Amino acid sequence: MVKKIVLHIILIHAVLFGAKAQNLNDTTIQINEIQIVANRQLPQKGLVITRIDSMVLQQTIDVSLSELLSRYSPVFIKSYGKGALATASFRGTAASHTQVEWNGININNPMVGQVDFSLIPVYFADKVELFHGGSSLSLGSGALGGSVSISSVPVWNKKIYGSVIQGIGSFSSNQTFVKIGGGNQIIQTRVRLFYEDSENDFDFLNTANGLWNNQEQKNADYYKWGGLIDLYFRTKQNDIISFHTWLGHTDRNLPAIMSYQGKGRDENQQDSNLRFSGSWKKYAGRFKSELTFGFSFTSLDYYLANQTDLGTLLNYNSESKTNSFFNKFKVEVSLTENTVINSVLNLNYNNVSQFDKKEKIGMDASRTEMGATISLHHSFSNIFSTYGLLRNELVDRKLMPLMPSVGWELDLLNKQLNITSNFTRNYHQPTLNDLYWQPGGNPGLKPEKGYSADISVGFSKKFTKTLFLKTGLSGYVSRIDDWIIWRPSEFRYWRPDNIKEVLARGIEYSLMGNFISGNFRIDFSGNYAFTRTTNQGETTLGDNSKGKQLIYIPLHKANGLLKVLYKKTFVTYDAAFTGERFTTSSNETSRHRLQAYTLHNATIGKSFLFRKITVDMQLKVENVLGKTYQAILWRPMPGRSFMFQTKVSF
């Protein structure tokens, strides 16, 4: 591994010095930075929306969305390890209560209702926004905790541009990213490709086998590849037509837990996806419309076999496929400068199939969803705005109850201080697995009902020419009735039921800013989340979960980032704290409690400019202090690791 890194550095320096010899007369001109702060549009007033800073997106361009959200947002990510399954708990809710939208279409798996965030590369995202709590209803129903919106953004002012990123690191990890794009003011296109693989064979301390010995992680290797094509057209009327195609594949071996005592096991999962999104945005004075259409095809192959004295024992060999089609039409009409009406119509169709070759059983199910949203946004003055929203849905010809949302926003101190509040009722449909899984599906399940209210205070100001600061504090409370959980049934298999009433409440705090003086710059940001989520419903005999924190949801989560830049050299340092988590519903504190931990990460890098070519080199160190921890019970996590990366762009 060390030889690879050394060879890589030597080759890069050879290219740099060769280029430098030909460009000794080049001159770099420093241009003072301009701070741009965009005002919130009227349809966003009253909503709690967080946009991930573009600096953070560039800093984490080589990681998955799970790592981005875990380290730079209040969202808690439940991760099984590097390259493994990662799901989100937004404001203390379940993984299926976080909806993910990519360029206007929903990419939650309709079988399980959730998204594996480890399969979404940040490299494919130009803009990432978080819609907290009830604010998510503006995108659609189902997000009882919140929504994550990922989108591509065109670059109209470049005829041609591109970059190549190559990284090599610990545990035989390799990364390659390629981007090329260009066009003119009428048409723009861009292609992004990536490949990543790792043996993932780190050493860890086994605390579950009674020996407390050091071991090497086995059968945890993986590889991923993917491509994204964006195509944009702009007409003479300034309409924008766009097409986005996303193709990806992941093959990963899944390691046994620490406490596994068998002779051996072979566990593997392969995920493939093909997604397409197209849109036509039309602008005509006070009238705006957007037609979005697309589809998502995914497949998942899962295999598990254990080695025994009698040979290989096959446990599972299943194939799952999903086919989803999306259509959405949105119209925005500005009646006056202070009044806007929005309406949305959508029609979605989902089909899923699953078959286990061992048990010779499976399922084939589909669902049709129709929805309509209308909202009125009005600004009474320069300081006070309100909105009212109403959504209704028809699911498989069954009319759902109305979903209302109301909110307001107060802008004070020349819009430097704003206070926002809203109240929302939302519904989350049972997943198709919940309804039709064989054996165990329950077609009689009711939708989960969510009621949420929150209030937020935000402040931003440029104090001097050199210092900018932005901070925000939110408090929320939400109640989810008929929460669906799977539990053992009298038929010797698990079955889902609407049995829980969950109360989630907490606070979210954020801080960001920068200090700029000449060639010297400091960027900083931080997040803190206090999340108290408890089961309030009646419990059965032997169930001690009432009033207890839900499993794997930390009471405290915090993270912070500091970046220091001087001319073309930078150093970043970030830390992420995760509080203790319980792994049993009774909150047992002896054996099944996961200790709190803090992970520290650092990066140092430098940029070189040679005419129109920029070369960036950086060294990343993750888990700087070599912390031993578990994010999931009996799942080991890597210690200190390194990644050396080179980027050449034009």
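Does Tyr-232 count as buried or exposed, and at what relative accessibility? Tyr-232 counts as buried, with 4% relative accessibility. Keep in mind as you look around that this is a predicted model.

## An edge-to-face pair

Let's start with the partner of Tyr-232. Trp-156 and Tyr-232 make an aromatic pair with 6.3 Å from centre to centre. Their planes are 65° apart, and the pair is edge-to-face, because an angle over 60 degrees puts it in that class.

Trp-156 is buried as well, because its relative accessible area of 15% is under 20%. Trp-156 sits in the loop between strand S7 (146-151) and strand S8 (160-169), while Tyr-232 belongs to strand S13 (residues 222-234), so this contact ties together parts 76 residues apart in sequence.

Phe-610 counts as buried at 12% relative accessibility, whereas Phe-608 is partly exposed, at a relative accessible area of 23%.

Phe-608 has another neighbour worth a look: Lys-606 lies over the face of this ring, 5.6 Å from the ring centre.

## Other aromatic contacts

For a group of rings, turn to the aromatic cluster formed by Phe-233, Phe-243, Phe-276, Phe-293, Phe-295, Phe-297 and Phe-325. Across the model, the count comes to 22 aromatic pairs.

Notes
Residues are numbered from 1 along each chain as its sequence is written. This is a predicted model: local features need pLDDT of at least 70, side-chain atom pairs count only at pLDDT 80 or more; totals for chains, interfaces and linings use all residues. Side-chain values use heavy atoms; hydrogens and water are left out. Rings of Phe, Tyr and Trp (its six-membered ring) pair if their centres lie within 6.5 Å; planes under 30 degrees apart count as stacked, over 60 as edge-to-face and the rest as tilted. Helices (H or I, at least four residues) and strands (E, at least two) are DSSP runs, numbered from the N terminus. Buried means under 20% relative accessible area, exposed over 50%, partly exposed in between (1.4 Å probe, protein chains only). A charge sits over a ring if NZ of Lys or CZ of Arg is within 6 Å of the ring centre and within 35 degrees of the ring normal.
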